[in-house]
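Visitor: Could you take me through one part of this protein up close? I would like to look at its salt bridges, please.

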Amino acid sequence: AVVSSGINAEYGGAGKGTQCTKIKEEFGYIHLSAGDLLRAEQAAGSDDGELIADYIKNGKIVPIEITIKLLEKAIVSSGVNKVLIDGFPRDEPNLAGWESAMAGKMNTQFMLYFDCDEEECLR
């Protein structure tokens, strides 16, 4: 089974990327960014990419099924069994969807959430 872990924060600048780099280097995880995968799919012009573009344009959250599909594809193609996912799950329903979709395929070890106010993130 593949081991997955998530890291998230409400605002940019909270230190997710910095911590992902440290965890990656210290513990041998690969780092996948949910946002980067969504943007890459959008740029590819696929059907999902067009749907992603519509959701982003309208300020909506992309359906978790699409995000999970992209993450699973990236994990499988990496061939690595320790994965750190940056920016997903974003909330409890995302986590429940992830655990349901990946049951028997992944073992989620931990979830980090940075609870930083906007002022601190902008410093």
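**A close look at the salt bridges**

Guide: Let's begin with aspartate 48, which is buried at 17% relative accessible area; buried means under 20%, exposed over 50%, and partly exposed in between, using a 1.4 Å probe and protein chains only. Its side chain meets that of lysine 69 in a salt bridge, 2.5 Å from N to O. This pair links distant parts of the chain, with lysine 69 in helix 4 (residues 64-78) and aspartate 48 in helix 3 (residues 47-57), 21 residues apart. Lysine 69 is partly exposed, at 46% relative accessibility.

A word on terms: a salt bridge here is a side-chain nitrogen of Lys or Arg within 4 Å of a carboxyl oxygen of Asp or Glu. Helices (H or I, at least four residues) and strands (E, at least two) are DSSP runs, numbered from the N terminus. The model is predicted, so local features need pLDDT of at least 70 and side-chain atom pairs count only at pLDDT 80 or more, while totals for chains, interfaces and linings use all residues. Residues are numbered from 1 along each chain as its sequence is written, and side-chain values use heavy atoms, leaving out hydrogens and water.

By this rule there are 3 salt bridges. Helix 4 also holds glutamate 72, whose partner lysine 105 sits 33 residues away in the loop between helix 5 (92-101) and strand 4 (106-114). Glutamate 72 is partly exposed at 24%, and lysine 105 is partly exposed at 40%.

Finally, aspartate 36 pairs with arginine 39, their closest N and O atoms 2.7 Å apart. These two lie 3 residues apart in helix 2 (residues 34-44), so about one helical turn separates them.
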